[in-house]
Structures are given as structure tokens and as C-alpha cells.
Amino acid sequence: MNISIKRLCDYKKLLQDAGLLTESNIEDGDETSVKGLTYNSKEAADGTLFVCKGAHFKSQYLADSAESGAVAYVAEKRFDISETGENVVSIPYIIVSDIRKAMPYLSDFFYDSPSEKLRLTGITGTKGKSTTAYYVKNILDLYEESKGGKVTAITSSIDLYDGVEEFESHITTPENMELQYHFRNAVDSGIDYFTMEVSSQALKYDRVDKIRFDVGIFMNISEDHISDIEHPTFEDYFESKLRIFAQSETSVINLGADEADRIMDAAKKAYDSGLTKKIVTFKIYDGKDASLADAESGSGIIPDIIGYDIEKKTDGIHFKVKCDRFDREFMLTMPGLFNVENALAAIATANEYNIPEEFIYEGLKTARSKGRMELFSSKDGKVVAIVDYAHNKLSFEKLYESTLSEYPGFKIETIFGCPGYKAYQRREHLGTLSGRYSDKVYLVAEDPGEEPVEQISRDIAQYVEREGCPYEMIEDRGEAIHKAIMEVTEPTVILITGKGDETRQKYGREYLDCPSDADYTRRYIAEYDTLH
């Protein structure tokens with residue numbers, strides 16, 4: 001990795017200048033080289049600066065890191081004596097007032113500020129982050145390919161690619177240390193563009209501090225992630241997401257979102273303070289002629305980008321876009337009428353990067369996102385199975401709205417679950433919506449963690465039942481998908497939501513390997529075809 005080696009005293013001064021240092025026994029002229037930075041004791045090695053963080057941190061982790069060669073530690077308190085009264089470490093320390101605020105300074109400094117060398121796009125919102133990220137990435141990839149550039153980097157709730165590493169994700173936005181590491185890999189690999197999802201937790205808990213987005217996108221807002229371990233209230237959730245504007249050179253906003261007035265007010269406040277330099281807006285208009293659109297939102301803002309004349313055809317979704325660069329038709333071959341909104345956000349981003357429109361058109365037309373609106377159909381046309389990551393109220397609303405519009409006359413069956421011990425409101429929201437719009441619901445495991453699956457399913461079932469919809473609780477996702485497909489007797493859309501193309505399921509504190517929903521669906525559609 002191409003980074004400069006700094007001295008231990010440099011890190012002390014860095015945190016002192018940031019107003020975070022409270023105590024240290026490191027001399028101002030300490031020349032000790034810092035060769036590594038981590039909070040994972042298993043990664044500690046000779047020359048490591050070890051960070052003590054987390055509610056479940058144990059002093060033994062620090063002792064282990066010191067034994068592995070750590071030269072100093074950063075923490076909110078000194079760890080001179082262990083819980084047993086024994087001496088833990090004798091290595092130097094840097095004590096700070098807030099370890100979460102200190103981590104971005106440390107990692108940005110250690111990796112030589114790599115985000116400044118990238119064109120960085122950050123996307124937040126309750127729904128559509130992943131799809132928008134892959135629309136943006138595909139446009140940029142095609143553009144880079146045309147001029148001999150590198151495939152662009154991404155980190156999302158689906159997977160991560162940084163030019164060196166590529167793997168399936170289990171968190172929307174990694175910790176700042178991991179982000180800076182991946183940024184550094186991208187820079188060293190000669191990559192120019194990096195697209196990333198930005199979660200409310202990342203914004204709230206300073207994971208994206210010391211990072212400046214060239215384009216920051218605010219897609220939408222709806223109640224989600226409300227729990228004791230996430231956001232205590234909707235207000236806390238919303239305010240956390242609004243923080244993205246203070247870190248964005250250009251802020252891109254969906255004027256069709258709920259709370260659009262308040263979102264715009266926050267962006268304008270960041271603009272007036274000089275924190276964001278430009279605001280770009282977009283909105284869908286339902287008509288066929290953009291010149292007739294009542295383009296003004298409740299904020300009195302005329303959208304910079306208008307989507308209109310949306311039509312589902314046999315080869316995909318066609319729609320027109322009007323902006324200062326063009327007024328033309330685009331096409332999506334990825335299903336879901338709601339994806340037009342995500343496409344507008346991608347168009348706004350591409351415009352800011354001055355990407356020629358032919359790459360925008362082709363990028364949207366060919367874009368795919370693993371586990372996002374993946375469509376599987378039986379040969380007799382009776383079974384249409386859609387695998388998607390939809391997992392909250394807003395995404396369920398859009399999914400049912402699109403399904404009812406695109407598949408009139410079809411029955412609807414839904415297979416889903418909810419995570420354990422968090423986002424409790426989803427159980428009511430998703431239970432109610434699935435019961436209202438489905439002919440049958442299957443309740444399955446969906447990263448239950450340490451909470452019993454049956455308990456989660458029963459919590460959801462009461463709301464499904466309240467809507468008068470039959471349901472069945474089958475913990476194993478594969479078993480439920482198999483049963484739903486094999487029992488189809490008339491045209492049916494089976495919506496399989498929540499896990500998409502993920503190949504792990506969280507039970508307890510472990511992620512266990514399993515086939516993805518897409519794998520299950522592909523296998524059982526083939527079995528259905530052999531029998532019909």
C-alpha cells in the first residue's frame with residue numbers, strides 16, 4: 001500500500017490540534033514509526049497504533065495487541081490495570097474525549113487523505129440507495145472503459161469493490177478506518193470514481209467524518225431503523241441523514257420525497273453556510289408532456305431534472321428526461337417502475353461529472369444490481385418470481401405499487417421476515433402492507449440474530465392477520481420459496497424480499513453460509529418447469 005510512514009508524536013499532535021486530546025505520555029519528539037492502524041486485536045502487528053473502541057471492548061484485546069507488537073493505543077481512558085488487578089500494558093497511550101470522533105482523523109491521516117484523490121458519490125435515503133449506486137457505477141464504468149480507464153469502485157449493502165478487494169457486504173457503510181483503507185486501495189489501483197451508500201448510522205456515529213462527497217444524494221425518507229440500538233426516534237433518524245449536505249460539494253435532492261420542504265431547507269442552510277456549493281433537484285411528473293408539468297414542488301422549487309412519460313413496454317421501462325443538457329428518452333431493462341426515480345438521481349450525478357449522454361443512456365439500459373428486482377419466470381408464464389432487497393415500509397409500498405401496475409390480474413404472494421431485536425416498527429408496517437396487498441404471506445427467517453424466529457414471525461403475523469390475509473410461518477427461506485412456487489395454479493407474482501443475493505444468514509452473533517434467494521428461486525423455477 002502506497003502510504004507515507006508517520007511518527008507517533010505526529011498522531012498525538014493531530015488529535016491535540018483537533019481538540020480531542022485529553023492526556024498522553026508520548027513525548028513531542030517521539031520518532032517511533034506507526035506502520036499500522038486497527039481496532040481489531042487480531043490484526044495488530046509490529047508498529048501498530050491500536051484503537052480501543054466499542055461498548056463491548058475488553059482490556060484483554062489491548063493486551064493481545066501489545067503482545068503482537070502495537071506501539072501505542074488510543075482510547076477514552078487509560079488501561080493500566082485489568083479487571084483482575086494485573087498490569088495490562090506498558091505501551092504509550094493517547095487519551096481522547098471521543099474515540100468515534102478521533103477515528104476519522106486517525107484513519108484519514110494514516111492513509112494520506114485518499115478520498116481527496118477520488119470523485120466520491122455518497123447516497124443516503126430510506127429506499128433506493130443500492131440501485132442508485134449501481135446505476136451510477138454502471139454509467140461511470142462504461143465511460144471509463146471508453147477512454148481506457150479502470151472499473152470504478154463501490155461500497156454498498158450488497159457488495160464492495162475497491163480495485164484490490166471484492167466481497168459481499170454485511171453492513172451498508174463500514175467504519176471510517178475500513179472506508180479509508182478501501183479509498184486508498186482505489187487510489188493505488190488508479191481508480192478515479194468511488195460510489196457509496198451512506199447509512200443514517202454512519203452519519204450519526206461519525207463514520208464518514210473527514211470525507212467530502214463530490215456529489216451527495218438524498219433519495220427519500222420514511223420511518224425506519226427506530227429501536228434502542230439504532231435511532232430512538234424518527235426525528236433522530238431524519239436529522240442523521242440530513243447531515244450529508246454539510247459534507248457534499250453538490251447536493252442532489254428528490255423533490256418527490258416525503259418531507260421535501262424540510263430536506264430542501266436543510267440543503268439551503270448548508271449552502272448558505274458554504275458547506276455545500278450547489279443544489280440540484282429532480283422529480284417525476286406523471287404526464288406525457290414535460291412542458292405541461294406543474295413542476296413546482298411545495299418548496300416553490302422548479303426541478304432541474306424532470307422525469308415524465310413513463311411507460312412499461314415488453315423490452316423494459318421507457319421514460320423521458322428533461323434537463324438543461326437534453327430532453328430525450330431513456331430505458332431501463334431492470335424491472336420496477338419505481339426505479340425511474342433512482343435513474344433520475346443517477347442522471348443528475350452523471351451530469352455533475354459531465355458524462356456524455358450516450359454513456360448515461362447505455363449505462364441505465366444495461367445496469368444490473370444483484371438481488372435487486374431480479375426477475376424469474378416459468379415457461380408457462382404462471383409464475384413470476386421477483387427477488388428484491390425491499391425491507392422497509394417505503395420499499396414495500398413502492399414494490400406493491402409497481403407490481404399491481406405491471407402485473408394486473410396476477411395473484412400476489414410475499415415471502416419475507418424481519419431482523420432480530422431492531423427496527424421493530426417494520427413488523428407492523430410490513431405485516432400490514434403484505435396483508436393488505438397479498439393473497440398469501442410466508443413469514444421466514446431474515447437475520448434473526450439472537451431473537452427467536454418464531455417470536456419475530458408471530459409479531460408480524462398479527463398485522464397480516466388483521467388485514468384478513470392467510471399466512472404461513474416457515475423458518476427456512478428455501479422451503480418457503482419452494483412451496484410458494486410449486487403450489488402455483490394460476491398466474492401469480494411471488495415477491496421474495498429482504499435478502500436478495502446475500503449468501504449468509506445471521507443467527508446469534510454469527511453469519512452462516514446459505515444459498516441466496518436468487519439461487520433458491522432459479523432452482524425451484526427450473527423444477528416447476530420440468531413438472532409443467
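Select Lys-6 and Asp-112 to begin: their side chains make a polar contact at 2.3 Å. A polar contact is a pair of N or O atoms within 3.5 Å; within protein, one atom must be able to donate a hydrogen and the other to accept it, and residues adjacent in sequence count only if both atoms are side-chain atoms. This is a predicted model, in which local features need pLDDT of at least 70 and side-chain atom pairs count only at pLDDT 80 or more, while totals for chains, interfaces and linings use all residues. Residues are numbered from 1 along each chain as its sequence is written, and side-chain values use heavy atoms, with hydrogens and water left out.

**Stop 1: around Lys-6**

Lys-6 belongs to strand E1, residues 6-7. Helices (H or I, at least four residues) and strands (E, at least two) are DSSP runs, numbered from the N terminus. Is Lys-6 buried or exposed? Lys-6 is buried, with a relative accessible area of 9%; buried means under 20% relative accessible area, exposed over 50%, and partly exposed in between, using a 1.4 Å probe and protein chains only. Leaving aside residues up to four places away in sequence, Lys-6 touches Tyr-11, Thr-32, Ser-33, Val-34, Phe-109, Phe-110 and Asp-112. Contact here means heavy atoms within 4.5 Å.

**Stop 2: the five-strand sheet**

Next, select strands E2, E7, E6, E5 and E4, which form an open sheet in that order, with mixed pairing. Two strands pair if DSSP finds at least two bridges between them. Strand E2 (21-24) and strand E4 (36-38) stand at the edges; each has a single partner strand, so one side of each is left without a neighbour in the sheet. From one strand to the next, the twist averages 20 degrees. The axes are lines fitted to C-alpha atoms, for helices over the stretch in contact, and angles run from 0 to 180 degrees between N-to-C directions. Now focus on E2 and strand E7 (residues 93-96), which pair in the antiparallel sense over 3 bridges. Within this pair, Glu-23 stands opposite Ile-95 in E7. In a regular strand the side chains alternate between the two faces of the sheet.

**Stop 3: helix H7 and strand E13**

Move to helix H7 (residues 234-242), where Tyr-237, Phe-238, Ser-240, Lys-241 and Leu-242 are buried. Which elements do the buried residues of H7 pack against? They pack against strand E8 (119-124), helix H6 (200-204), strand E13 (213-218) and helix H8 (260-272). E13 itself is mostly covered, since 5 of its 6 residues are buried. E8 and E13 run parallel and are joined by 4 bridges; Thr-124 has Phe-218 in E13 as its bridge partner. E13 is also joined to strand E14 (residues 248-254) by 5 bridges, and these two strands run parallel. There, Ile-217 has Val-252 in E14 as its bridge partner.

**Stop 4: salt bridges**

A salt bridge is a side-chain nitrogen of Lys or Arg within 4 Å of a carboxyl oxygen of Asp or Glu, and the count by this rule comes to 37. Select Asp-188 and Arg-184, whose closest N and O atoms are 3.1 Å apart in a salt bridge. Both lie in helix H5 (residues 176-188), 4 residues apart, about one turn of the helix. Asp-188 is partly exposed at 33% relative accessible area, whereas Arg-184 counts as buried at 5%.

Asp-236 lies in helix H7 and Lys-204 in helix H6, so the pair ties together parts that are 32 residues apart in sequence.

**Stop 5: two cysteines**

How many disulfides does a search of the whole structure find? The search finds 0 disulfides, a disulfide being a pair of cysteine sulfur atoms within 2.5 Å. For Cys-418, the nearest cysteine sulfur is that of Cys-469, 15 Å away. Cys-418 is buried, with a relative accessible area of 1%, and Cys-469 counts as buried at 6%.
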